[in-house]
Amino acid sequence: MAYGLEKVTSPEYPIYQQVLIFYEYCDQVLAYTHKTMLDKAHSINNFIKFSNLKNLEDITNQQIYDWVKWHKERGNTARSVNNYLHQLKAMLKWQKEENVEMPNLKISRISFQKEAPARKNWFTRQQIKRALLYAEPREWLFISLSFDCGLRIEELMSLKLSHINGRKIKIIGKGNRLRWVMMSRKTRRRLTRWIKKENITDYLWKGRYGGHLRQEKARLMMEEVFAKAGFDNFRPHDLRHSFATELKLLGLPTRKIQLALGHTTEAITEHYLSDLDGVTIENIRKEVTMPLIKLHIRALFSNLFYILPRIALKPANQKP
């Protein structure tokens, strides 16, 4: 596979060969997945471009600290920064083991950022529909697919054309666990138009330098849509919580919700559905019960209007 090194440094510099050997080792010997290799290359290439290093032997801790500061100033979360650091640190440890001398670097002083406690939030179907009014076609699909299917952001970004079969989508989740999810008909129609318009042949969301769009970019795009709709507390993972909560309120047993989310145990799913920030199950029921009742009434009348005109009435003078 192409690792994109030629886009951030010159093959004439020692760092090109130093990092290329590491990529080939991970790819060919350790047999990392294509997705893992893309994430690894993106993180490390990002640092090479930022630092303008020409030889790993010249790397310093201060360059890494400046890189971390730059990401934080751009609004990246501690988790995102730590993902970058994890990939860079793994590469530097490997280089040390391969006897690359880096006298001005102390790997033990590369510390990860303190992450905020995991937050749990959810949005009703009506709130999501309101946000979609402010979305461009790509953002609309990001949000609708995430909510329809309960996708993680990394699963959404990794979607390929080959994963789509009608309204069904094949998802390879955490731990390489396979599950199938279903999108709505409206989402399917819009996705079809997107695939045709963008001439999609591989990844649904093309990245600037090949592969797929980065998760950080997609997060910002989705957050901007919800901010325009008046929701400043949105994170893409909230759509997965919303998906799970709606399934629970529709009466699905935890076991089936577990399969839909791709969790390993029911206990994880139960925890997932509890302790949502600032709400109780009673709050949630009040938000969604009335819209669900209206939906059932609408469906009932639709069936009646379809059936009644088709009831055959015999003429009074017709013989039996």
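Asn99 is exposed, with a relative accessible area of 64%, where exposed stands for over 50% relative accessible area, buried for under 20% and partly exposed for values in between (1.4 Å probe, protein chains only). The model is a predicted one, in which local features need pLDDT of at least 70 and side-chain atom pairs count only at pLDDT 80 or more, whereas totals for chains, interfaces and linings use all residues. Residues are numbered from 1 along each chain as its sequence is written, and side-chain values use heavy atoms, with hydrogens and water left out.

Asn99 is placed in the loop between helix H4 (78-97) and H5, where helices (H or I, at least four residues) and strands (E, at least two) are DSSP runs numbered from the N terminus. The phi of Asn99 is near 70°, a positive value in a residue other than glycine. Most residues other than glycine have a negative phi. A positive phi, near 55°, is also found at Ala31, which lies in the loop between helix H1 (14-29) and H2 and counts as exposed at 55% relative accessibility.

For the protein chain as a whole, 13 helices and 3 strands are assigned, and 43% of its 320 residues count as buried. The chain exposes about 18,900 Å², of which carbon and sulfur atoms supply 53%; accessible areas come from the Shrake-Rupley method with a 1.4 Å probe, and for residues only the protein chains shown count as cover. Among contacts between residues at least 6 apart in sequence, 62% join residues at least 24 apart, a contact being defined by heavy atoms within 4.5 Å.

In the segment before H1 lies Thr9, which counts as buried at 8% relative accessibility. When residues up to four places away in sequence are not counted, Thr9 touches Ile15, Tyr16, Ile48 and Leu53.

Two packed helices are described by the angle between their axes and the distance between the axes. The axes of helix H2 (residues 34-51) and helix H3 (residues 61-73) come within 10 Å and cross at roughly 105°; such axes are lines fitted to C-alpha atoms, for helices over the stretch in contact, and the angles run from 0 to 180 degrees between N-to-C directions. H2 and H3 are therefore roughly perpendicular to each other, given that 65 to 115 degrees counts as roughly perpendicular, under 35 as roughly parallel, over 145 as roughly antiparallel and the rest as oblique. On the side of H2, the contact involves Ser43, Asn46, Phe47, Phe50 and Ser51, which meet Gln63, Ile64, Asp66, Trp67, Trp70 and His71 in H3. These residues divide into 5 nonpolar, 5 polar and 1 charged, where Ala, Val, Leu, Ile, Met, Phe, Trp, Tyr, Cys and Pro count as nonpolar, Asp, Glu, Lys and Arg as charged, and the others, Gly among them, as polar.

In helix H5 (residues 125-132), the residues Ile128, Ala131 and Leu132 are buried. They cover an arc of only 100° around the axis, which puts them on the same side of H5, the arc being that of the directions from the helix axis to the C-beta atoms. The buried residues of H5 pack against helix H6 (137-149), helix H9 (215-228) and helix H10 (237-249). Within helix H9 lies Met221, which is buried with a relative accessible area of 8%. Met221 and Glu139 are 82 residues apart in sequence, while their C-alpha atoms are 6.7 Å apart in space. Apart from residues up to four places away in sequence, Met221 touches Arg138, Glu139, Phe142 and Leu213.

H10 and helix H12 (residues 266-273) pack at an angle of about 100°, with their axes 10 Å apart, and this makes H10 roughly perpendicular to H12. The contact is formed by His237, Arg240, His241, Ala244, Thr245 and Lys248 of H10 together with Glu270, Tyr272 and Leu273 of H12, and by class it has 3 nonpolar, 3 polar and 3 charged residues.

The loop between H10 and helix H11 (254-261) contains Pro253, which is partly exposed, with a relative accessible area of 44%. In H11, the buried residues are Thr254, Ile257, Gln258, Ala260 and Leu261. Seen down the axis of H11, these buried residues fall within an arc of 165°, so they line one face of the helix, and they pack against H6, strand S3 (178-182), H10 and H12. H11 is followed by Gly262, whose phi is positive, near 80°.
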